[in-house]
Structures are given as C-alpha cells and as structure tokens.
Amino acid sequence: MKIGLVLGGGFARGAAQLGFLKGMFEAGFDRSEITLMSGSSIGGINALGVSLGKVDKLEELYRTLDIVSIGYLKKMLKNHFVKDLLDEIYTDEEKLQIPMYITGTCMSTVSTHYFYCGLDSEKEELDKKLNITVTFPFVNGVVRREFNKWYLDGGGTDNIPVYPFKYNEMDLVLILHCYPKYVPPHFMVYSNTVVIDVDIAARCSNGISTYSFDKKNLNEMIDIGYEYGKEFYNKVLCDRDLKAIKERGQQFIREEADIRKKKRVPLNAAVIFNKVQSSRKFE
Amino acid sequence: MYCTKCGFVTRGIEEKCPYCGTNFVPEKKIDHKLMFLGWLEVSPRQLVKLVCFNLIFAAVVVDLILNFGFDVTHLHFTPWMFFGVCSFLFLFNGLIFRNRKPKVYFLNSLGFIFTFLATLILSYQNATLYGHDLLFWSFGCILPIYVLVVYLCSTIYFIVKRKYNIWSTFFYLIILFLISTTLFVFTLVNLFGIKDSTFASVINYVSFVASLISIINGFILSYLQIKSKML
C-alpha cells in the first residue's frame, strides 16, 4: 500500500505534530510504509526527521529548545538555526530514506513551489530548501534569495501542501495539520485516494500558544501529540485493509468534528494567505 | 504543474520548470468527474444555458413565422414576453449561476437589448407612441441610453475592481463606439426623425461624445500600460 504523508505548517504546533508522529511510530506504524511526504514550514523540518529516521533526535532537540521571545528565535534563525539543526541530525554520509516535497512561496511569480527532495539529495541543496520553507516573515528575514529567486515561507501560500499528491497517486494520504476548519482540496476528495485529515492540535487546549517556543509549551505539546498519535493509530490504522481504514478514518473525523468546531483558528495570517492563493484559481 | 524530469511541482504561472528548464505538460482544464455528461464535457450549468438558448431560439422562430406567415397579429408573442424571458435569462445567468467575467455580462446585455428592440420593431410595425414610431424610440432613445448605461457600469467596475485589460477593454469600446457612431450618423442624416427631436438628438450626441472620450482614454491608458510593461 502506498502511503503519503502531508505535514502542514503551524509554527510551534510542529512539536505536537512530531509528538503525533512519534506516537504513531511507537504504536506500530512502520516508517518504511511511507512512500512520499510533503512538508511546509515546520512540517518540512519534521518531514526531514521522519525521512532520516531521526524522530527521536528531533524530539530531543525540541524538548531542549527554549526560545522565550521572537527576538531570540530571530537571532537563532539568523545564526543558521536550520543549518545547525541539519548538522545535528544529518551527516554527509546519510541520505534521505523517504523522498519528500518541501514548499516555498516564490515572491517573483507569487506562486507556490514544491521542491522535490529525492533520495540522492545533497545536503547543501536540502539546507537551501529547508531554509526557504522556514522563512518566517520578520524572523528568518522577510524573504530569502535562493535559486535566483525571492522566497517566502512555504506556509505563505500553501500551509498544508497536498498539491504534490495530485501528480503522485497514493492509496492513502494522511494529512497532519493544525487547522480545525480544514477541508481537503477537491482534487483529493474526488480521486481514488483515501484521504484522512487529522488536526494534530485538536487535543491542545486554546491556552497552549501557537507562537511560543518556550520549553514548557513545547514539551506539553509533544506529550499531547504523542498520546493523540497513539490513539489515532489504534483507532484507524490498526490493520492494512484500505476499505476498513477509510471507514474508520471517516468515523474518526466525524468523532473529532465537534472538538474541532470548538477550536479557535490559531493561524489567522496563514488562513488569509491561503485564501489569497486559492482566489488566484491556479488549479 | 509537474516537471517530469526533476519532480518539481508548482502551483503558479510558470510554463516551464524554473530549475531544469523542462516544459510543463499543459493540464486538462476540465475535471471530467464534475461533468454531468462526461463524454460531452458539458457541465450542468452549460446544459441549462444550452436548453434555455434553444428554447429562446425556437420562440423567436415561431414568432417570426406567426408574424410574417399568418394574419394572426394578436396571436404571436409580444416583445414584453421577450423582455420577461430575456430578463429572466440575464438574471439567471448573472446571479444564480455566477460567472464573474464582465465580457459575459456585456455580451448578454448586448444580445438582450438587440433581441428586445428587434422584437419590438417587428411586432408593432405600424404602432406609434407619443407621436413617434418605434424605430425612433429604438434608435433615438433606448440604444443611446443603453450605451451610456454600459459606460457608467464599466466605469464603476473599473474604479471598484481596478482591473484594466487592454484587449478586452478595446473589445467593448469598439462595439460601443460603432453603435454610437451609427446612431450619430442617423442623427446627422435625420433618419427615423431623430434630428427633429431635441431630446433624441442630445442623447445621441452625448453617447457619441462619451464613446469618443472613452476610446481616446482607452488608447492613452493602453499606451501607458504597454510602456510600463516594456520597462
């Protein structure tokens, strides 16, 4: 069975996403079952962790991270935070084990670019692409100049990068995002692919900040995400019968709908950017 | 768009892969699963339009046959029936099935006004209204007022939307300019008694001047836009 994984952006909520993934892996989900991944913003970093099989290492980094202000984060990113992070989890000898797409917003054409990172991707190139996808405005610079183009954070125009799966057909696509009101795009809904979207932050209370990278906040999110990931795996992915997964997945979404309805949307800016993108009607 | 060579995907305006230069394969714009009749590539909306158009066309043909073929003047459809049906279609297309392209609204309104005038003239050939025949009312009042209303609406649209497309604007301007120039010529040669009426003459002059001003401004704006694009 070909499984695709979409990891949406969400600033600090990426910690909950990582916890969710760890929960799924520990519950029995085999990483080698994933055929292709697509990540935007912090989801891109998580995708790299999954692709390299370094989820534990990444979790350790998240748990020790303690950024008390945006100014500090800005300083960290300016000082090659992504490069340092890559050095921590990725040596020159290592190669990606799962291909993935990294999203960037091209400012020159105001379009979304999905960079393909194949199994033979060079570290330098990967470094550039990851730097593009985490170009948080006014944090990692307003825009970045890479590949002779100006780029903005991938979440700017597509925070949940499902689009590459339009061209890469899968049997099952798991969309892990943090938009309570997210609805999968029509090209996925009308395709033969089984689509299950999970709001990984559904169990995080409204009091847990999306924009805070302080230690307590991150640890809390990882723990909540971990439990949620385990629960999701046991409820939905406990066997590999696609039809049963579809039914259980839909049941799971229905059960979660009430919780999601009560949630506040924490990513208003990203929602607006996504609306701008969809209004351009590129599809 | 998907690059078959390097796997790069873009959702934007690029025609070829910005990294390896491979030309993108153009996508099929039509989603067959959304089509009502997949094999015909016709959507429900297009199907409704097609049926309505055929009904209107059949009504026009029947009306013409009744009007010219038989001496049953009170039996054939009246222009008010056309006014009603066309208004319904205009509203139906414009409001219920929203197509936000101004060109569609413009062509709809153009078709609507000409159909209405044609049925009005053909149906009441010898009738007079306030001492004037229907040709006078059509070319002396209704058509120039229509031209002015279109100018007013398009100016408001331009100001609100701030969209200016050289080619589509000239498409409207040329059609409107041709109509208003023809009406202006009618006024000069005193066709249908337009020159004798002060109101009809003035409204025709105003529509002609509005067309002239619009087309000159259109040229200036287009020149400036082309110049700025070249820079």
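Reader: Is A:Ser41 buried or exposed?

Author: A:Ser41 has a relative accessible area of 3%, so the residue is buried (under 20% relative accessible area; exposed is over 50% and partly exposed lies in between, with a 1.4 Å probe and protein chains only). This is a predicted model, in which local features need pLDDT of at least 70 and side-chain atom pairs pLDDT 80 or more, while totals for chains, interfaces and linings use all residues. Residues are numbered from 1 along each chain as written, chains are lettered from A and ligands numbered from 1 in written order, and side-chain values use heavy atoms without hydrogens or water.

Reader: What is the phi of A:Ser41, and where is the residue found?

Author: Most residues other than glycine have a negative phi. A:Ser41 has a positive phi, near 60°, and is found in the loop between strand E2 (34–39) and helix H2 (42–52) of chain A. Helices (H or I, at least four residues) and strands (E, at least two) are DSSP runs numbered from the N terminus.

Reader: Which loop holds A:Phe11, and what is its phi?

Author: A:Phe11 lies between strand E1 (3–7) and helix H1 (14–27) of chain A. Its phi is positive, about 55°, although A:Phe11 is not a glycine. With 12% relative accessibility, A:Phe11 also counts as buried.

Reader: How many aromatic pairs does the structure hold?

Author: Rings of Phe, Tyr and Trp (its six-membered ring) pair if their centres lie within 6.5 Å; planes under 30 degrees apart are stacked, over 60 edge-to-face, and the rest tilted. Over all chains there are 21 aromatic pairs. One of them joins A:Phe115 and A:Tyr151, edge-to-face, with 5.5 Å from centre to centre and 65° between the planes. This pair links distant parts of the chain, 36 residues apart: A:Phe115 belongs to strand E4 (residues 111–117) of chain A and A:Tyr151 to strand E6 (residues 149–153) of chain A.

Reader: Which residues form one aromatic cluster, and which charged end sits over the ring of A:Phe187?

Author: The cluster consists of A:Tyr114, A:Tyr163, A:Tyr167, A:Phe187 and B:Tyr2. A charge sits over a ring if NZ of Lys or CZ of Arg is within 6 Å of the ring centre and within 35 degrees of the ring normal. Over the ring of A:Phe187 sits the charged end of A:Lys166, 5.5 Å from the ring centre.
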